[in-house]
Amino acid sequence: HLAGDDVLKTVGKIMRDTAREDDLAARYGGEEFLILLPDTKKDGAFIAAEKIRKALESHEFTNDAGKPMRKVTLSGGISTFPDDGRGSTALIQAADTALYRAKQAGRNQIVPAETKYFSNEDDEVVVKATPVKGVIPFN
């Protein structure tokens, strides 16, 4: 468990170091992380996620004795406001669905959400001065 905790801390650090100053990287639960990328379109979120994925893939994790551990890879899903959801629940659900598509397609890749079309009767409405346009949960 200690080695796993160290890996999760390192993943968080790599995410923070790779993200822009205005982005928010956070552990979402268990082995899942998310990054909020304000004012970022899907192609920009994809580039950011790929940068993090490659940084994790190339990082050499070691145990307390300095011996190499197995590689850590990242599967991720991307959703954007308002194309994939108008509220946090819908955005996270869309990104999570894309994440599972990434895992089913072989892991260690980033997959964008499939954009859905909205009616005026969505379950949530975002009320913010600056809407969040990119959500990327990772595990």
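Student: Which residues of α1 are buried?

Tutor: This is a predicted model. In α1, Val7, Leu8, Val11, Gly12, Ile14 and Met15 are buried. Buried means under 20% relative accessible area.

Student: How do you know that the buried residues of α1 line one face?

Tutor: Look down the axis of α1. The buried residues fall within an arc of 160°, so they line one face of the helix. An α-helix has 3.6 residues a turn, so residues three or four places apart point the same way.

Student: What does the face turned away from the buried side of α1 carry?

Tutor: That face carries Leu2, Lys9, Arg16 and Asp17, which are exposed. Exposed means over 50% relative accessible area.

Student: What span is expected for α1, at 1.5 Å a residue?

Tutor: The expected span is 24 Å. Helix α1 covers residues 2-18 and reaches 24 Å from its first C-alpha to its last, close to that expectation.

Student: What makes a set of residues a nonpolar core?

Tutor: The residues must be buried, of nonpolar types such as Val, Met, Ile, Leu and Phe, and joined through side-chain atoms within 4.5 Å. The largest such core has 17 residues. Val11, Met15, Ile52, Leu56 and Phe61 have the most contacts inside it. α1 gives the most to this core, with five residues.

Student: Which residues does Leu56 touch?

Tutor: Leu56 touches Val11, Ile14, Phe61, Val72 and Leu74, leaving out residues up to four places away in sequence.

Student: Which residues of the largest pocket's lining lie nearest its centre?

Tutor: Val7, Glu31, Arg70, Val72 and Thr73 do, out of 20 lining residues. The largest share of that lining, five residues, comes from α1.

Methods: Residues are numbered from 1 along each chain as its sequence is written. This is a predicted model: local features need pLDDT of at least 70, side-chain atom pairs count only at pLDDT 80 or more; totals for chains, interfaces and linings use all residues. Side-chain values use heavy atoms; hydrogens and water are left out. Helices (H or I, at least four residues) and strands (E, at least two) are DSSP runs, numbered from the N terminus. The expected span of a helix is 1.5 Å times one less than its number of residues. Buried means under 20% relative accessible area, exposed over 50%, partly exposed in between (1.4 Å probe, protein chains only). The arc is that of the directions from the helix axis to the C-beta atoms. Contact means heavy atoms within 4.5 Å. On a 1 Å grid over the protein atoms alone, a cavity is a set of points where a 1.4 Å probe fits but cannot get out, and a pocket is an open set with protein on both sides within 12 Å along at least five of seven lines; lining residues have an atom within 4 Å of a point.
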